[in-house]
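Dear colleague,

I am handing over the structure below. My notes on its aromatic rings follow.

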Amino acid sequence: MGKEKRIRIGVVQFNSKTDEPGENLEKAVNYIENLVEEEVDLVLLPEMFNSGYGTDELVIKNAIEMQEETIETLSALSDYNDVVIVGGMVNKAGEDLYNSSVIMLPYNEPVYYNKTHLFRNEKNVFKPGNALKSFDFAGVKFGILMCYEIGFPEISRKLSREGAQVLLVPFAFGKERREIYEIATRARAIENGCFLAAASQSGRCPSMEMVGESRIVSPSGEIIRDCGNGEGFCLADLDIHQVERYRYKESGNSHGYFANLREDLYR
């Protein structure tokens, strides 16, 4: 399979307070700096990490006000440390509001993935995006989806079929639906033979208790790192050559789903 290729990613988990957006950003910065010391190549932050999760007027107002400062801060951290930062935040573009993930590549302008499938009250506030998003860094292709979208296998499959080797998923997922989170994060990795990193909010927001349990999942579905229920981070070195093995080889515990996919049935 050739020379081993590894990339180190870190996943951050914390409770974003809807009434303390400045503190949320400060927390995120501290975790990013901690992970930089661990020499990660990429940091993944939760959904709406800088504003706290919610759709009421105050949360959205704070999120809009924090957008510029958040981007400036993440851009400086990315450039100075040569690290990719991906995190969920509200994106105001003209008159439209999106629940988005920002992709901050070193020495690049920010790129947004605007969540395409909105959850419950999000539909009352945000406009759905109309395009999926992937990007390359250090010879690895990453695809992005967000929270509720874990339950739409078509998104992960399309990103993976277009070459994504690692799926990045910012979450603000309710604890009452933990079983979905537990099964779907592992299933998306297994069926696509890819790594999956999930960064979830933890603790309580005004509307729900968050699931926490941020994780890094291997192409076999094994949870190789987990943040548990508290605040903190986890990291892992990903052997990207495993993706090829699980997608196309039929040996040991690899499943070869992509090698045997009947594309003629799905056109």
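Is Phe173 buried or exposed? Phe173 is buried, with a relative accessible area of 1% (buried means under 20% relative accessible area, exposed over 50% and partly exposed in between, with a 1.4 Å probe and protein chains only).

Before the rest, some notes on the source: this is a predicted model, in which local features need pLDDT of at least 70 and side-chain atom pairs count only at pLDDT 80 or more, while totals for chains, interfaces and linings use all residues. Residues are numbered from 1 along each chain as its sequence is written, and side-chain values use heavy atoms, with hydrogens and water left out.

The search of the whole structure gave 9 aromatic pairs (rings of Phe, Tyr and Trp, the last by its six-membered ring, with centres within 6.5 Å; planes under 30 degrees apart are stacked, over 60 edge-to-face, the rest tilted). One of them joins Phe173 and Tyr181: the planes are at 45° and the centres 5.7 Å apart, so this pair is tilted. Tyr181 is buried too, at a relative accessible area of 0%.

Tyr248 and Phe258 make an edge-to-face pair, with 80° between the planes and 6.3 Å centre to centre. Tyr248 is partly exposed at 39% relative accessibility, whereas Phe258 is buried at 6%.

Two of these rings also have a charge over them (NZ of Lys or CZ of Arg within 6 Å of the ring centre and within 35 degrees of the ring normal). Arg177 has its charged end over Phe173, 4.1 Å from the ring centre, and Arg161 lies over the face of Phe258 at 4.9 Å.

Finally, Phe14, Tyr31 and Phe233 are linked into a cluster by ring pairs.

Regards
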